[in-house]
Amino acid sequence: MSAVGASMREEAPQPVSGARLLTLALEAEGVTDIFGYPGGAIMPVYDALTGSKLNHILVRHEQAAALAADAYGRVTGRPGVCLATSGPGATNLVTGIANAYMDSVPMVAITGQVASPLMGTDAFQEVDIFGITLPIVKHSYVIRSTAEIPQIVAEAFAIAQSGRPGPVLIDLPKDMGVMTAVPGPVRPLSFPAPQCASNEIDAANALLREAKRPILYLGGGVSIARGEQAVRDFAARSGMPVVATLKGLGAVPTTDANFLGMLGMHGTKAANIAIDSCDLLVCVGARFDDRATGKLDTFASRAKVIHLDTDAAEIGKLRRAEAALCGDMNVVLAELEADPANYADWLAECLESKREHAWDYNAPGAGIYAPKLLKDLSERAGPKAIFTCDVGQHQMWVAQHCQFSRPQAHLTSAGLGTMGYGVPAGIGALFAEPDATVITVSGDGSIMMNIHELATIRRYRLPLKIVLLDNSQLGMVRQWQELFFEENFSEIDLSDNPDFAEVARSFGIEAFTIDHRSEVDGAIDRLLNTKGPILCHCRIDPRENVWPLVPPNSANINMMEKRK
Amino acid sequence: MNARLKIEYANNEGALLRLLGVVERRGFMIKSVAMNEHAEGGTASLIVEVAPRGAERRLEVLTAFLRRMYEVQSINSFEPRQDQAA
């Protein structure tokens with residue numbers, strides 16, 4: 001054989017298995033970490049994983065894989081990747097995929113599927129995950145040809161990250177992973193960025209000139225667009241008061257002087273009063289969610305609206321906008337002009353209201369007062385700490401009383417409200433930022449939904465700090481039954497909980513229990529100074545409620561407050 | 001008031017289900033459907049007649065959510081006469 005002939009043979013691409021094509025395509029996308037759980041139909045991919053550069057994190061339930069990938073996506077801004085087998089493996093991902101969809105998180109979920117000839121025959125562990133997830137994905141694929149795997153992976157990552165991010169599903173039949181194909185070139189995908197119309201910018205600037213009482217209303221879109229600096233610049237040069245949604249917390253530092261707090265159902269009174277009396281709402285990356293607006297027709301009812309979002313479908317969906325700014329906030333905000341002198345009196349009024357309605361941390365008794373514990377923990381953990389939480393009363397206390405210097409420091413299941421998010425999210429955050437101080441705040445109801453993930457924390461020796469607020473009840477449900485269902489308490493008693501410290505220790509995790517206020521300082525010290533994973537089990541008063549509270553179907557201005 | 005949407009889209013696997021699912025989930029009833037793949041293949045037209053499930057459901061919101069879908073290439077909406085079923 002001639003030298004030339006040998007060279008040509010060396011250069012010719014060789015066929016490789018579909019599973020190998022998949023791992024190569026993931027590597028080409030810059031993926032380093034994958035959260036998953038193996039099983040029958042996905043075995044070819046797990047076979048290929050051992051020869052790849054990908055770091056696979058073995059969770060103990062597929063839901064945790066999806067939720068960890070969600071948190072990873074929120075922190076890095078790149079798609080989190082989760083992997084599961086067909087049938088129950090795939091359906092166990094569904095809650096995590098829905099969670100990412102509702103909160104616009106970039107994610108690529110890969111599921112094994114039964115072999116192509118068996119699809120549609122009710123085969124063992126066959127489920128139509130493509131069909132099941134249609135309402136909760138940005139896009140989805142079934143691999144029908146091994147050769148198209150690199151192209152589909154490239155498209156999935158491009159779609160997951162473009163515009164308003166979201167989850168993309170790739171369903172891989174087993175035979176597609178086993179068969180071989182020669183890798184071909186990948187056609188790049190591009191998505192034109194929306195261009196904001198100049199007349200809409202003019203309209204917005206006219207509204208800003210006319211306004212006397214404007215408010216900057218920030219949502220989760222700020223984090224998605226990585227628009228914090230543009231927002232902070234605009235907030236500073238406009239001099240207008242700022243409020244944020246649950247997902248918008250940290251868009252401006254929560255310690256910022258002009259920040260009035262979270263608005264809505266469990267927002268601050270100052271934020272809701274200001275919204276009620278404003279004459280211009282500058283909505284940036286928010287979507288007029290019902291938890292934020294309360295009764296919609298009473299929300300900022302005297303205000304005109306400037307709505308800035310990259311997703312045109314959100315503008316005008318629930319509230320008409322006088323200026324519709326569809327575009328990249330990092331570009332558009334720089335074109336808005338506002339004179340802080342016009343708003344100085346209004347800002348002073350809002351700041352006086354903020355002082356008047358500041359949180360009161362003087363609680364009676366000697367028991368642990370969760371809001372004070374969280375405030376102290378947050379202050380001592382410092383601005384770089386990442387808080388993840390579950391869903392319920394503790395979630396609202398975290399939002400109200402912790403400090404966030406950036407949106408990525410607050411990982412919460414806002415749209416879907418997924419109990420069980422906190423611990424997997426802590427895992428995802430620690431893989432995304434291994435040097436960060438990551439604190440998961442959970443409740444005794446929520447933590448049981450994914451408590452098996454303590455095994456994952458132990459396996460990878462993740463220094464997650466878990467604060468478990470235990471009121472032996474489903475606290476938020478109990479609160480609503482107390483206030484809105486005439487104290488007809490139904491199925492909220494969790495007094496037969498296990499000893500959570502013992503449970504954690506059985507997983508090999510350091511743990512301790514406190515139930516007295518005098519123990520809180522020492523507990524925070526221990527939490528923050530322990531190098532490995534640790535769980536602090538805090539027994540709190542089961543009668544404690546989250547205040548203030550906007551009753552359902554009520555205007556935000558009608559907030560219920562704690563009786564003193 | 002019924003309205004008719006003409007949607008041009010890439011006829012990928014699941015695209016039709018995806019489109020009709022958005023129509024239903026965003027609060028519109030499907031009154032009639034006609035779909036055909038174009039001769040050159042790959043793309044298709046869908047004509048769907050829809051009716052809102054309540055006065056608060058607006059056609060422009062539905063079309064905005066359809067327009068952002070990956071497969072959708074164009075959407076035209078109009079209100080048909082009574083004798084113009086799809």
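This is a predicted model: local features need pLDDT of at least 70, side-chain atom pairs count only at pLDDT 80 or more; totals for chains, interfaces and linings use all residues.

User: What makes β2(B) and β3(B) a pair?

Analyst: Pairing takes at least two bridges between the strands, and here there are nine, so the label holds. One example: Phe28(B) has Pro52(B) in β3(B) as its bridge partner.

User: And which helix packs on that sheet, touching β1, β2 and β3 of chain B?

Analyst: That's helix α1(B), residues 15-25, whose direction makes about 160 degrees with that of β2(B). Helix α2(B), residues 59-67, lies across β1, β2 and β4 of chain B and runs at about 165 degrees to β4(B).

User: In what order do the four strands of the open sheet in chain B come?

Analyst: The order is β2-β3-β1-β4, with antiparallel pairing.

User: Why do β2 and β4 of chain B count as edges?

Analyst: Each of them has a single partner strand, so one side of each is left without a neighbour in the sheet. From one strand to the next, the twist averages 20 degrees.

User: Over to chain A. How do you know that β20(A) is largely enclosed by the rest of the structure?

Analyst: Count its buried residues: five of the six in β20(A), residues 534-539, are buried, so the strand is largely enclosed. To be buried, a residue needs 20 or more other C-beta atoms within 10 Å of its own.

User: Which strands are joined to β20(A) by bridges?

Analyst: Strand β18(A), residues 465-470, is joined to β20(A) by six bridges, running parallel. Strand β19(A), residues 510-514, also runs parallel to β20(A), with five bridges. In β20(A), Ile534(A) stands opposite Lys465(A), and Cys536(A) is the bridge partner of Phe512(A). Between β19(A) and β20(A) the chain crosses through helix α22(A), residues 520-529, in a right-handed β-α-β crossover.

User: Last one: why is Lys375(A) called partly exposed?

Analyst: Lys375(A) has 18 other C-beta atoms within 10 Å. Buried starts at 20 and exposed means 12 or fewer, so a count in between is partly exposed. Lys375(A) is found in helix α16(A), residues 370-381.

User: What does Lys375(A) touch, leaving out residues up to four places away in sequence?

Analyst: Tyr361(A) and His401(A). His401(A) is 26 residues apart from Lys375(A) along the chain, yet their C-alpha atoms are separated by 5.1 Å.

Key
Residues are numbered from 1 along each chain as its sequence is written. Chains are lettered from A and ligands numbered from 1 in the order in which they are written. Helices (H or I, at least four residues) and strands (E, at least two) are DSSP runs, numbered from the N terminus. Two residues are in contact if their C-beta atoms, placed from the backbone, lie within 7 Å. A crossover is right-handed if, with the strands pointing away from the viewer, the path from the first strand over the helix to the second runs clockwise. Axes are lines fitted to C-alpha atoms, for helices over the stretch in contact, and angles run from 0 to 180 degrees between N-to-C directions.
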